[in-house]
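Please work through the exercises below with the sequence and the structure at hand. Each task is followed by a solution in steps.

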Amino acid sequence: MERATRRGGGDAENAFSVEPDQDQHNSYGNGSDEKKAVGLAGDGADEVASVERVFEGKEVPPWQSQLTLRAFVVSFVLGVMFTFIVMKLNLTTGIIPSLNVSAGLLGFFFVKTWTKFLDKSGLLKQPFTRQENTVIQTCVVATSGIAFSGGFGSYLFGMSEHVASQSTDANDAQNIKNPALGWMIGFLFVVSFLGLFSVVPLRKIMIIDFKLIYPSGTATAHLINSFHTPQGAKLAKKQVRSLGKFFSFSFLWGFFQWFFTAGEGCGFVNFPTLGLKAYENRFYFDFSATYVGVGMICPYIINISLLVGAILSWGIMWPLINDRKGHWYSAELKSSSLHGLQGYRVFISIAMILGDGLYNFFKVLGHTLFGLYHQMRDKNSGVVLPYADRSSPASSSVSFDDQRRTQLFLKDQIPTWFAVAGYVSIAIVSAIILPHIFHPLKWYHVAVIYVFAPTLAFCNAYGCGLTDWSLASTYGKLAIFTIGAWAGASHGGVLAGLAACGVMMNIVSTASDLMQDFKTGYMTLASPRSMFVSQVIGTAMGCVISPCVFWLFYKAFQGLGVPGTSYPAPYAIVYRNMAILGVEGFSALPKNCLTLCYVFFIGAIVINAFRDAIGKERAKYIPLPMAMAIPFYIGGYFTIDMCVGSLMLFIWEKINKAKADAFGPAVASGLICGDGIWTLPSSILALAGVNPPICMKFLSRKTNAKVDAFLGS
């Protein structure tokens with residue numbers, strides 16, 4: 001969803017991640033994710049007693065020793081696994097939950113198991129530390145984050161002929177770029193590192209001077225710190241056992257379902273659990289372990305908002321608009337035509353996404369400017385930001401933890417000249433190479449983006465520190481409209497806009513991600529240098545792994561990006577149509593569609609404003625427009641799965657809240673990981689031409705009678 005970037009964001013894609021628009025990973029879900037992450041850690045969040053006193057007797061290894069071979073081997077394995085999971089979520093609904101807890105937990109388990117074995121053999125040379133654990137978590141999330149920010153379910157796939165063929169506008173050769181491994185890997189390498197260099201000089205200002213909390217980074221640090229205490233290690237062992245059980249169940253359930261999917265519309269995924277009429281309107285439980293797990297991780301308000309959006313669109317609006325067929329649009333159009341009912345689905349959802357994104361952009365920008373103003377005004381008075389989660393903003397005392405962490409955080413400096421030289425060098429190379437990959441995108445388009453990108457990256461990183469809300473996808477949409485309109489309709493403006501979106505999203509997303517990692521490193525005494533190197537290595541691995549995983553999906557599964565298939569990639573058509581709107585305006589919209597778009601655009605803004613006006617306690621009962629918009633295009637089937645996951649967690653919390661808080665995220669992660677990893681063998685089977693042996697279909701009594709009569713004759 002925009003992962004949703006990985007930590008938060010302005011779009012649904014990332015609105016559910018502590019990844020990857022998702023960018024949107026905000027905090028629709030992050031407040032809950034933070035609590036669950038801390039809950040997973042036991043009592044790790046309670047720092048009334050000094051954390052660093054517990055580790056005072058343990059030597060902090062130099063930054064070079066924090067970067068071990070075993071850490072990067074484990075990071076590579078987990079990075080591949082999580083990339084498959086994120087890619088599947090990208091290409092199905094775009095909703096990506098936080099994987100930070102899973103990455104930290106599995107990284108701890110694998111290396112702890114390995115070092116324990118070596119210790120018993122007398123071969124252990126270096127013990128496993130929380131600093132090394134932080135390096136693993138950072139590297140894994142950076143690797144899998146490329147699967148989101150790389151646009152494989154949004155802007156990048158939106159360039160393809162698969163998606164362009166669904167529209168009659170701007171589907172000429174100059175606005176199409178079909179996926180190929182070579183250019184995708186090259187593109188990611190030249191755009192994915194700029195954000196890392198853009199905010200490195202600001203790390204001291206953000207973490208120590210401004211004391212920004214970065215909720216996701218803080219929660220991850222609490223989690224890792226707790227793992228490395230005796231009590232936390234025992235709990236982590238039990239959590240990994242639970243994760244393993246549900247991983248096995250989820251994987252075997254996916255394997256079992258595969259046997260019944262020999263044809264189109266076959267299998268449990270097409271079970272009309274709520275009746276055939278509801279099934280026709282995409283309301284059914286599709287037995288997806290992935291989305292049951294996602295529902296357990298996402299906050300209740302997200303799942304309820306999704307359900308409300310599904311009922312409003314597929315239960316009320318689309319049947320009513322379908323009755324106007326022949327009046328509002330031609331009855332001869334295909335169901336996938338954007339000049340028919342499909343156009344209302346796509347453009348109304350875009351209107352809600354843009355309304356929500358615009359509101360939250362100005363909201364977070366206001367928070368950022370307000371915080372900066374007060375920080376500068378009170379610079380000499382010792383007052384810190386009210387967002388720094390302190391009970392006494394004017395307190396002059398510095399705790400032992402802060403002294404210890406600040407001392408080590410400032411010890412290993414990353415020279416400013418290195419960051420500036422790296423940014424300028426990569427920007428020059430990028431401005432030269434990108435026009436050769438995307439011909440409509442000129443060097444001066446890229447240069448303008450890179451001039452403004454550091455400022456936007458700072459705003460995004462600062463806002464993320466205050467609210468845990470990354471607006472990477474919103475900045476990407478800004479690039480779509482500005483660069484697309486600048487290039488012009490007759491000069492490949494759609495392709496130029498989508499490419500510019502990718503450039504901008506990668507810069508601002510990785511900038512906020514790195515600052516989150518610096519916060520985690522600050523609280524676990526991991527060196528900023530090791531954090532930076534880990535992020536660079538993880539990003540480099542992601543630039544190769546993500547295109548390869550996408551290529552496997554692209555070649556193995558027919559109908560990728562086509563509505564109604566197993567992998568509809570809903571945000572690909574959404575992003576492409578945003579680019580078309582930016583270049584060609586509203587002339588292609590069906591009758592009355594623009595009026596409805598205005599209504600839902602304004603409605604999204606009003607609902608958000610109302611939520612903020614009534615306060616947090618009451619706002620939790622008001623649906624989120626961004627979440628409501630997702631099922632407008634896709635349907636309600638996945639929302640049923642997610643609500644089942646929410647219901648399971650709710651009942652579990654009522655029975656035993658402590659156990660649900662401790663093991664809920666592990667169970668959810670097992671369900672997500674098992675089903676996600678099943679896509680690897682299933683895609684290999686598809687490429688090898690091995691087809692399922694059985695087709696299980698569900699027919700109405702009338703249709704079944706016709707089939708029996710036909711077979712009997």
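The structure is a predicted model, in which local features need pLDDT of at least 70, side-chain atom pairs count only at pLDDT 80 or more, and totals for chains, interfaces and linings use all residues. Residues are numbered from 1 along each chain as its sequence is written, and side-chain values use heavy atoms, with hydrogens and water left out.

**Exercise 1. Overall composition**

State how many helices and strands the protein chain has, and describe helix α29.

Solution. 
1. Secondary structure is taken from DSSP runs numbered from the N terminus (helices: H or I, at least four residues; strands: E, at least two). The protein chain has 29 helices and zero strands.
2. A residue is buried under 20% relative accessible area, exposed over 50%, and partly exposed in between (1.4 Å probe, protein chains only). Of the 713 residues, 59% count as buried.
3. The accessible surface of the chain, computed by the Shrake-Rupley method with a 1.4 Å probe, comes to about 27,600 Å². Carbon and sulfur atoms account for 65% of this surface.
4. Helix α29 (residues 701-712) spans 16 Å from its first C-alpha to its last, close to the 16 Å expected at 1.5 Å a residue; the expected span is 1.5 Å times one less than the number of residues. Among the 12 residues of α29 the count of buried residues is zero, and the helix is hardly covered.

**Exercise 2. Salt bridges**

Determine how many salt bridges the count gives, and examine the placement of the K277, K363 and K657 pairs.

Solution. 
1. Side chains of opposite charge can pair when their charged atoms come close. The criterion is a side-chain nitrogen of Lys or Arg within 4 Å of a carboxyl oxygen of Asp or Glu, and the count comes to nine salt bridges.
2. K277 pairs with E280, with the closest N and O atoms 3.8 Å apart. Both residues lie in helix α13 (residues 276-280), three residues apart, or about one turn of the helix. Both K277 and E280 are exposed.
3. K363 pairs with D612 at 3.2 Å between the closest N and O atoms. K363 belongs to helix α16 (residues 341-377) and D612 to helix α24 (residues 593-614), so this pair ties together parts that are 249 residues apart in sequence. K363 is partly exposed at 27% relative accessibility, and D612 is partly exposed at 38%.
4. K657 and D661 meet at 3.4 Å, N to O. These two residues lie in helix α28 (residues 657-687), four residues apart, about one turn of the helix. K657 is partly exposed at 49%, as is D661 at 27%.
5. A network of salt bridges links E52, R130 and R405.

**Exercise 3. Surface patches**

Identify which residues make the positive patch and which make the nonpolar patch.

Solution. 
1. Patches consist of residues with over 30% relative accessible area and no salt bridge; like charges are joined within 9 Å, and nonpolar side chains (Val, Leu, Ile, Met, Phe, Trp, Tyr) within 5 Å.
2. The positive patch comprises K58, K112, K116, K120, K234, K237, K238, R241, K245 and K659. The elements giving two or more residues to this patch are α5 (100-121) and α12 (230-258), and α12 gives the most, with five residues.
3. K120 is found in helix α5 and is exposed, with a relative accessible area of 70%.
4. The nonpolar patch, of about 480 Å², is made by V420, V424, I428, V429, I432 and I433. I432 lies in helix α18 (residues 416-437) and is exposed at 52% relative accessibility.

How values were computed:
Lys and Arg count as positive and Asp and Glu as negative; His and the chain ends are not counted. The place of a charge is taken as NZ of Lys, CZ of Arg, CG of Asp or CD of Glu.
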